[in-house]
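My plan is to write down what I looked up and to keep each entry brief.

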Amino acid sequence: MLVIVIEVVLASGSMAKRSSRREKARRPRARPAFPIEHALAKLRELTRTLRVPVVTLAAQVSEDPWEVLAACILSLRTKDSTTAEAARRLFARARTPEATLGLPESELATLIYPVGFYRTKARVLHGLARAIRDEHQGRVPDDLDALLELKGVGRKTANLVLTQAFGKPGICVDTHVHRITNRWGYVRTRSPDETEQALRKKLPARWWIQINQILVAFGQGVCGPISPRCSECPIEASCEKIGVKHQR
Ligand code: SF4
């Protein structure tokens with residue numbers, strides 16, 4: 001009798017072990033954390049050799065805070081090459097808030113045409129120039145909250161001004177940064193603003209300013225919105241390719 005009881009106990013013990021082994025085998029293996037340092041270092045190396053049409057807006061404008069701000073307003077919903085041309089025409093006539101206010105709104109609109117929504121942007125530029133002259137002693141503020149209070153300035157613009165013009169920490173998240181970091185599975189967000197918040201929590205500080213320039217070039221040259229060139233990608237092994245339906 002005692003022998004039978006012992007056998008039953010032993011048998012149930014080994015059954016439990018077997019089923020826990022099966023359970024473990026069925027459980028999906030957790031992916032290792034995305035190797036962000038390795039990926040950005042690799043992509044920085046790659047983008048130095050990529051021949052992309054325009055690297056970033058930041059690379060095209062000077063470090064003058066007003067020029068960075070105005071060029072960023074022009075760039076919204078506009079191709080980089082069109083923005084660069086419009087910014088060149090505008091700054092040839094007016095490089096400061098005061099000089100911008102000296103131009104009639106209609107002339108401003110003509111100068112920046114054909115950027116998207118050029119009439120609205122002419123109005124926004126006038127409004128910004130006036131607010132900076134009247135409320136900030138003619139100087140673009142170097143503080144995120146103060147920048148966001150200016151009418152027409154969103155988070156992308158404010159971060160670009162902070163990083164490019166003032167060398168202050170900020171993460172400029174545009175469509176490339178948002179798309180690519182989500183494809184990696186490094187963040188899981190629905191909008192560029194959410195991506196910026198997520199990156200502020202986990203991206204090592206030394207990449208904050210650089211990430212925009214690296215991923216804009218990488219997004220233009222390799223990881224495009226439609227059919228990315230995954231076969232040429234140096235970090236393919238680490239990428240979850242979330243949302244990628246077609247690839248080359
Ligand atoms: S593997 Fe493809 S989707 Fe992932 S980062 Fe590289 S190019 Fe983009």
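**Before the packing angles.** I first needed to know what an axis is: it is a line fitted to C-alpha atoms, for helices over the stretch in contact, and angles run from 0 to 180 degrees between N-to-C directions. I also noted that two packed helices are described by the angle between their axes and the distance between the axes. I keep in mind throughout that this is a predicted model.

**Entry: H4 against H8.** I looked up helix H4, residues 65-75, and found that it packs with H8 at an angle of about 155 degrees, the two axes being 10 Å apart. H4 is therefore roughly antiparallel to H8, because angles over 145 degrees count that way. The handedness of the crossing of H4 and H8 is right-handed. On the H4 side I listed Leu69, Ala70, Ile73 and Leu74 as making the contact, and on the H8 side Lys121, Val124, Leu125 and Leu128.

**Entry: H7 against H8.** Next I took helix H7 (residues 105-112) and helix H8 (residues 118-135), whose axes come within 8 Å and cross at roughly 125 degrees. H7 is therefore oblique to H8. This crossing of H7 and H8 is right-handed. From H7 the contact draws on Glu105, Leu108, Ala109 and Ile112, while H8 supplies Tyr118, Arg119, Lys121, Ala122, Arg123, Leu125 and His126. For the contact of H7 with H8 I noted six nonpolar residues, one polar and four charged.

**Entry: the loop between H7 and H8.** What joins Tyr113 and Pro114? I found a cis peptide bond there, with omega at about 15 degrees, and Pro114 sits in the loop between H7 and H8. Is Phe117 buried, exposed or partly exposed? I count Phe117 as partly exposed, because 16 other C-beta atoms lie within 10 Å.

**Entry: Ser227.** I then went to the segment after helix H13 (210-221), where Ser227 lies. Ser227 has a positive phi of about 50 degrees although it is not a glycine. Because Ser227 has 11 C-beta neighbours inside 10 Å, I put it down as exposed.

**Entry: the ligand.** How many residues surround the ligand? I have 14 of them written down, the closest being Cys223, Pro228, Cys230, Cys233 and Cys239. The shell around the ligand divides into nine nonpolar residues, one polar and four charged.

**Entry: the whole chain.** Last, I stepped back to the protein chain, which has 13 helices and zero strands, so that reading along the sequence I wrote the pattern α-α-α-α-α-α-α-α-α-α-α-α-α. Of the 248 residues in the protein chain, buried ones make up 33%. Among the contacts in the protein chain with a separation of 6 or more, 61% come from residues 24 or more positions apart.

Terms used
Residues are numbered from 1 along each chain as its sequence is written. This is a predicted model: local features need pLDDT of at least 70, side-chain atom pairs count only at pLDDT 80 or more; totals for chains, interfaces and linings use all residues. Helices (H or I, at least four residues) and strands (E, at least two) are DSSP runs, numbered from the N terminus. Angles under 35 degrees count as roughly parallel, over 145 as roughly antiparallel, 65 to 115 as roughly perpendicular and the rest as oblique. A crossing is left-handed if the near helix is turned anticlockwise from the far one by less than a right angle, and right-handed if clockwise. Two residues are in contact if their C-beta atoms, placed from the backbone, lie within 7 Å. Ala, Val, Leu, Ile, Met, Phe, Trp, Tyr, Cys and Pro count as nonpolar, Asp, Glu, Lys and Arg as charged, and the others, Gly among them, as polar. A residue is near a molecule or strand if its C-beta atom, placed from the backbone, lies within 6 Å of it. A residue is buried if 20 or more other C-beta atoms lie within 10 Å of its own, exposed if 12 or fewer, and partly exposed in between; C-beta atoms are placed from the backbone.
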